[in-house]
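Colleague: I have a chain open on my screen and would like to go through it with you. Could you take my questions as they come?

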Amino acid sequence: MPASPSTARVINDRLALRLLQQRGPLTAGQLKQLTGLSRPTVADLVDRLTAAGLITVVGESDQQRRGPNARLYGIAADRAQLAALDVRTDGVTVTVADLLGRELTRAAAPIATDTATGPAVEQAVALVERAVRGARAERLHTLTVGAPGLIDPATGELRDSSGLPVWHRRLVGVLQHRLPGTRVVVENETNLAALAEQRDGAARDRDTFVLLWLGGGTGAAVILDGTLRRGASGGAGEIGFLPVPGTSGLPSATDCEGGFHQLASAPAVMDLAAEHRIAGHAFDKPQARGAADAAGLVGDAVRLAAGQARAEADGTAPGGPPEADGTGNAARFLEALADRLALGVASVAAVLDPGCVVLGGEIGQAGGDALAARVEERVARLSPLRTEVRASVLGGAAVLRGALLTARDSAQEDLATPPGVDPDSSSGQGS
């Protein structure tokens, strides 16, 4: 069915806003060229968006032309304020931004694992409230929360998950109560990281890929034909439960130990580093078992192995076995880690054939191209399906970035939609 005139206008307005967000300020003529809309239609949408306070004149085109330079229109950054909240098992990080996505303030707070549910929720909510005040935002339009665990596709809420703090599920309801008028959106952290890598990171040229999250835990996000796929129950990508060889047993419905998690989570990576006698400051802290600690060891190993390779290439390597200075251990550690990761990547390739897998999270970023190349080489031996393996560009910061992008898109679409119009329910195109 063709779209009604009101729906077509909203579709056109959203398209123009996306282009202005992606490309920056544009003239009406450039909008006409990029959208394929007629000149009168573009003039109408510019008038509508200007009247709604969503766009404003930000300058003039520097193109040589007769008469005055054409006006440049850009998104009105102060039209709304947004926030993104990255929820981890040991703390939270929040950022507040304008409608362009420019960060106004950022704050973080640790939350001890033995903190009771009520106090943990209060610490997280209070951090958000302080950040909002610090950004001098009167009211947040949209807050996107990125958290580990399953998101119920029917309700959009976090589901009960074993091994995750109870305060995670309680947090969203309290945020909705304490931030009246703010749209609160919840999304799985790995899914948000994949969206960020697709828009701003390692997968900018791919509309089909899988992000393999390597942080405190493991996970995967599936992007097929440009669309995030969540699965029937919201559990697509729970790769930590994948049965793989090399573990002590099999995972269960309530515990991913025995699955891929046992090989690739931060504690598992640190144990592997200890087996290969990789030295690092993380081992000076008995309780250090987190993503940053494991990533530090992986990064150290990459640098040591690269130094050894350069020395061997130019003939300056010291005499004696490589183990003397740790470089041999570093190379073998990376080889062993790549062996483990290849099991997960090859499994993903066999089922989805994404053509590209991004090693995300803090550990994926720390491993860089050196680890990605090793994994790709092994996957080529395990699978007949050509699979490129890339290192994350954004690392652990991808969750917060993805949450902010999601909040920005949601706010723009809402602000551009008049009451009573639902363009998403129509299959018609703009005119």
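Colleague: Among contacts in the chain between residues at least 6 apart in sequence, what percentage join residues at least 24 apart?

Modeller: Bearing in mind that this is a predicted model, 65% of the contacts between residues at least 6 apart in sequence join residues at least 24 apart.

Colleague: And what does the secondary structure of the chain come to?

Modeller: The chain has 12 helices and 12 strands, and of its 431 residues, 50% count as buried.

Colleague: How does H2 then pack with H3, in angle and distance between axes?

Modeller: Helix H2 (residues 28–35) and helix H3 (residues 39–51) have their axes 9 Å apart and pack at an angle of about 120°. That angle makes H2 oblique to H3, and the crossing in which H2 passes H3 is right-handed.

Colleague: Which residues meet there?

Modeller: From H2 there are Ala28, Leu31, Lys32 and Thr35, and they meet Arg39, Val42 and Val46 of H3. The residues of this contact divide into 4 nonpolar, 1 polar and 2 charged.

Colleague: Is the crossing of H8 and H9 left-handed or right-handed?

Modeller: The crossing of H8 and H9 is left-handed, with axes that come within 8 Å and cross at roughly 35°. On the H8 side the residues are Ala266, Val269, Met270 and Ala273, which meet Ala291, Asp293, Ala294, Leu297 and Val298 of H9; they divide into 8 nonpolar, no polar and 1 charged.

Colleague: Where does Asp225 lie, and what is its phi near?

Modeller: Asp225 lies in the loop between strand E9 (218–224) and strand E10 (227–229), and its phi is near 50°, a positive value in a residue other than glycine. With a relative accessible area of 61%, Asp225 is exposed.

Colleague: Changing topic to H4: how far does it reach from its first C-alpha to its last?

Modeller: Helix H4, residues 117–134, has 18 residues and reaches 26 Å, close to the 26 Å expected at 1.5 Å a residue. H4 is followed by Arg136, whose phi is positive, near 55°.

Colleague: Which residues of H4 are buried, and what do they pack against?

Modeller: The buried residues of H4 are Ala120, Val121, Ala124, Val125, Ala126, Leu127, Val128, Glu129, Ala131 and Val132. They pack against strands E3 (81–88), E4 (91–98), E5 (103–110) and E6 (140–147), and against helix H5 (167–178).

Colleague: How many of the residues of H12 are buried?

Modeller: In H12, 13 of the 18 residues are buried, so this helix is largely enclosed by the rest of the structure. H12 covers residues 398–415, and its end C-alpha atoms are 26 Å apart, which agrees with the 26 Å its 18 residues should span at 1.5 Å a residue.

Colleague: Two single residues before we stop. Does Cys356 count as buried or exposed?

Modeller: Cys356 counts as buried because its relative accessibility is 0%, and its place is in strand E11, residues 356–360. Leaving aside residues up to four places away in sequence, Cys356 touches Arg206, Thr208, Phe209, Val210, Thr387, Glu388 and Arg390.

Colleague: And which residues does Thr190 touch?

Modeller: Not counting residues up to four places away in sequence, Thr190 touches Leu211, Trp213, Gly219, Ala220 and Ala221. The place of Thr190 is in helix H6, residues 189–200, and Thr190 counts as buried at 5% relative accessibility.

Terms used. Residues are numbered from 1 along each chain as its sequence is written. This is a predicted model: local features need pLDDT of at least 70, side-chain atom pairs count only at pLDDT 80 or more; totals for chains, interfaces and linings use all residues. Side-chain values use heavy atoms; hydrogens and water are left out. Axes are lines fitted to C-alpha atoms, for helices over the stretch in contact, and angles run from 0 to 180 degrees between N-to-C directions. Helices (H or I, at least four residues) and strands (E, at least two) are DSSP runs, numbered from the N terminus. Angles under 35 degrees count as roughly parallel, over 145 as roughly antiparallel, 65 to 115 as roughly perpendicular and the rest as oblique. A crossing is left-handed if the near helix is turned anticlockwise from the far one by less than a right angle, and right-handed if clockwise. Contact means heavy atoms within 4.5 Å. Ala, Val, Leu, Ile, Met, Phe, Trp, Tyr, Cys and Pro count as nonpolar, Asp, Glu, Lys and Arg as charged, and the others, Gly among them, as polar. The expected span of a helix is 1.5 Å times one less than its number of residues. Buried means under 20% relative accessible area, exposed over 50%, partly exposed in between (1.4 Å probe, protein chains only).
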